[in-house]
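Morning, everyone. Let me put the model up, and then we'll walk through it.

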Amino acid sequence: MAVYIATTSAPVNIACIKYWGKRDTKLILPTNSSLSVTLDQDHLRSTTTSRADPTFEKDRLWLNGIEEEIKSGGRMATCIAELKRLRKELVEDKDASAPALSTFAVHIASYNNFPTAAGLASSASGFAALTASLAALYKLPSTPTDLSLIARQGSGSACRSLLGGFVAWNVGTLESGADSLAVQVAPETHWPDIHALICVVSDTKKGTSSTSGMQRTVDTSPLLQHRIKHVVPQRMEDISAAILARDFDRFAEITMADSNQFHAVALDTSPPIFYMNDVSRSIIAVIEEYNRVAQLPENGGKRKAAYTYDAGPNAVIYAPSANIKEIISLIVRYFPQQETFKDPFGLFGTAGVGAGALVSGFNENVAKTWEAGAVKGLIHTRVGDGPRVLSPAESLLGDNGLPL
Ligand code: DP6
């Protein structure tokens, strides 16, 4: 008997222009456009295997080996139903010989190669991998942009993980959401020199989820209305131009300003939401000082790094690859590491990561030296490609249709 199965992986993305606010909570239509950098799946990824079989009794899902309920009417159920609908419309209705996979139940197993404890959002890569894997299983003729419409209904930011490189999610105007989709501004090959350093900040308290936090902002923040109307449209144009021109100084200026405005609208929410903590703010101080020195005429006059923060305390620092070693040394100086730095690009050789000497003119008092563990880990990665179809050897489901 034929076995219908597909495995794909999908990347994490981190926004430079933040999505924060929905105008339609069911279809997940945003209040503003956003733009992100897709990160390399060689380092961070979600992998998903989907299998359709006439003997399966119902749709089932396992996340990191643990079965999760697929709530009827929920986001997961919506994505699966939409992909089955496309299978029927685009494949089975057009070709009578195509197997009726849309009528079979599916088993889906998904695995993130980064620990949930790292505090990195896995919903974007997870829903992108789910969408890409069912699209591969169903042999859909859809483009990544077509598929972004479906991943969006799983989690807004997931729509941007369907493409590699630098990706915009257009706000759209249609009530149906048909024009609220992700498009590639530039592929990763256009500007492969963009690297990212993720600083995993230790945090014990449970934060406000993006979904509920952003709705409270929509309901109560006057500043959000100003952001939507008067700030984001121009920033989308400006950062797209900076990316096309490979102008890191401008890219950094806009990215940091937008992260700060996102956290300002969180603070403008009633009751206020605080995502950054004192460690996050210390990282901002260090990067601002690093840029101040870099911007002196004798040092080239341009910014060398950009920080950005999502709905949590972790920092993501974007920088041209040539600056990353200096930035890691700087971070390690203020935030001593307990864990060994993985060094995937071999920057430090056998000596391992160490705190570097401060660049001349750097005001070392911009932050205190934190106790070891305040930044509990560093992940070095870079811009990368969109979802990949993997070989059967990488399947997460065994011959019996259950997770391996
Ligand atoms: C701060 O995509 O997680 O990371 O659509 O409700 O699932 P839902 O929210 P989600 O929100 C992400 C918010 C953000 C900014 C961004 O990624 O653009």
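How do strand β12 and strand β14 pair, and over how many bridges? β12 (residues 194–201) and β14 (residues 315–320) pair in the antiparallel sense, over six bridges. Pairing here means that DSSP finds at least two bridges between two strands. Strands are DSSP runs of E, at least two residues, and helices are runs of H or I, at least four residues, numbered from the N terminus. In that pair, L197 stands opposite I317 in β14.

A word on the source. This is a predicted model: local features need pLDDT of at least 70, side-chain atom pairs count only at pLDDT 80 or more, and totals for chains, interfaces and linings use all residues. Residues are numbered from 1 along each chain as its sequence is written.

Back to the sheet. It is open, with four strands in the order β13-β14-β12-β15 and antiparallel pairing. β13 (306–308) and β15 (375–382) are the edges; each has a single partner strand, so one side of each is left without a neighbour in the sheet. Neighbouring strands are turned by 20 degrees against each other on average, direction ignored. Helix α6 (residues 248–267) packs on the sheet, touching β13 and β14, and its direction makes about 25 degrees with that of β13. Axes are lines fitted to C-alpha atoms, for helices over the stretch in contact, with angles from 0 to 180 degrees between N-to-C directions. Contact means C-beta atoms, placed from the backbone, within 7 Å.

Next, the domains. The chain divides into domain 1 (4–191 + 390–394) and domain 2 (194–382), with bounds from an automatic or database domain assignment. Their centres, taken over C-alpha atoms, are 27 Å apart. The contact takes 26 residues from domain 1 and 36 residues from domain 2. On the domain 1 side, β2 (13–17), β5 (34–38), β10 (166–169) and β11 (182–186) each supply at least two residues. The largest share, three residues, comes from β2.

Last, strand β1 (residues 4–11). β1 pairs with strand β6 (residues 45–53) in the antiparallel sense over eight bridges. There, P11 stands opposite R45 in β6. Two bridges also join β1 to strand β16 (residues 388–389), again antiparallel. S9 has R388 as its bridge partner in β16.

Methods
Two residues are in contact if their C-beta atoms, placed from the backbone, lie within 7 Å.
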